[in-house]
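Good morning, and thank you for coming.

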Amino acid sequence: MPYGFGERTYLSGPFVQGDHALGYQLPYPPYDLYKTALSRLFAWIKDNFHEKSFVNLPSETQIQILENLEDDQINLGDIPSSVFFTQLRQNVLEGVFSDPLYGGNTEMKGWEYLGFPGARAEFMKWINQHGAPYPYKPVAIPLSFEKMQRFWQLQEENGTTSL
């Protein structure tokens, strides 16, 4: 929760529009940024596509909306759409590719997609095999001995042991 409410983020202006190298320049912690930007985006979608939900739009339209957000072509009021897009993209990548310990990357599917071994203690024989697929399933950071035992039990039950 500290991240979402900006407990470690400087949020006392002045806030100025400037080069991206200046870093984040809005008075919104992530929670408020999402809440405000999404409500404005959903209103924009309703006005422009007569649709209440982004997910009900055709995939081509969804992609175009994301590209327009990235290029600052959608008016979100005092929130530049490219700033919101950058935050959204960063958080999606963190959720998809982080260790499941942190609440994302369910069943390590993001890691499997990349061929990333995860928190393995040893995979040296695979490091210099560029382009070769990694043959084992990834391993996450264990939360506790009991949870690790349960993980291995599920792996065995599903026939997906990675060792």
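This is a predicted model: local features need pLDDT of at least 70, side-chain atom pairs count only at pLDDT 80 or more; totals for chains, interfaces and linings use all residues.

Let me begin with helix H2, residues 59-70. Its twelve residues reach 17 Å from the first C-alpha to the last, close to the 16 Å expected at 1.5 Å a residue.

Which residues of H2 are buried? They are Thr61, Gln62, Ile65, Asn68 and Leu69. These residues cover an arc of only 125° around the axis, which puts them on the same side of H2. As to what covers the buried residues of H2, the list includes helix H1 (30-49), strand E1 (75-76) and helix H3 (81-97).

H2 is followed by Asp72, which lies in the loop between H2 and E1. Phi of Asp72 is near 60°, a positive value in a residue other than glycine. For context, most residues other than glycine have a negative phi. With a relative accessibility of 43%, Asp72 counts as partly exposed.

I turn now to H1. How far apart are the end C-alpha atoms of H1? They are 27 Å apart, which agrees with the 28 Å that its 20 residues should span at 1.5 Å a residue. The buried residues of H1 are Pro30, Leu33, Thr36, Ala37, Leu41, Trp44 and Ile45. They cover an arc of only 170° around the axis, and this puts them on the same side of H1. On the other side of H1, Lys35 and Asp47 are exposed. The buried residues of H1 pack against H2, E1, strand E2 (79-80) and H3. H1, too, is followed by a residue with a positive phi: His50, near 50°.

At 1.5 Å a residue, the 17 residues of H3 should span 24 Å, and its end C-alpha atoms are 24 Å apart, which agrees. Buried in H3 are Ser81, Ser82, Phe84, Phe85, Gln87 and Asn91. What covers these residues includes H1, H2, E1 and E2.

Let me take Phe85 of H3 as an example. Is Phe85 buried or exposed? At 13% relative accessibility it counts as buried, the cut-off for that class being under 20%. Leaving aside neighbours within four places in sequence, Phe85 is in contact with Leu66, Leu69 and Glu70. Phe85 and Val139, by contrast, are 54 residues apart in sequence and 31 Å apart in space, C-alpha to C-alpha.

Glu107, in the loop between H3 and helix H4 (109-114), has a phi of about 55° although it is not a glycine. At 58% relative accessibility, Glu107 counts as exposed.

How much space lies in the second largest pocket? The value is about 330 Å³. Of the 16 residues that line this pocket, the closest to its centre are His20, Gly23, Tyr24, Gln25 and Val83. H3 gives the most to the lining, with five residues. By type, the lining divides into five nonpolar, nine polar and two charged residues.

Ser12 and Gly23 are eleven residues apart in sequence and 14 Å apart in space, C-alpha to C-alpha. Arg8 and Pro29 are 21 residues apart in sequence, and 9.6 Å separates their C-alpha atoms in space.

To close, I return to the packing of the helices. The buried residues of H1 pack against H2 and H3, among other elements, while H1 and H3 are among the elements that cover the buried residues of H2. The cover of the buried residues of H3, in turn, includes H1 and H2. Thank you for your attention.

Note on methods
Residues are numbered from 1 along each chain as its sequence is written. Side-chain values use heavy atoms; hydrogens and water are left out. Helices (H or I, at least four residues) and strands (E, at least two) are DSSP runs, numbered from the N terminus. The expected span of a helix is 1.5 Å times one less than its number of residues. Buried means under 20% relative accessible area, exposed over 50%, partly exposed in between (1.4 Å probe, protein chains only). The arc is that of the directions from the helix axis to the C-beta atoms. Contact means heavy atoms within 4.5 Å. On a 1 Å grid over the protein atoms alone, a cavity is a set of points where a 1.4 Å probe fits but cannot get out, and a pocket is an open set with protein on both sides within 12 Å along at least five of seven lines; lining residues have an atom within 4 Å of a point. Grid points are joined across faces, edges and corners, and a volume is the space filled by probe spheres set on the points. Ala, Val, Leu, Ile, Met, Phe, Trp, Tyr, Cys and Pro count as nonpolar, Asp, Glu, Lys and Arg as charged, and the others, Gly among them, as polar.
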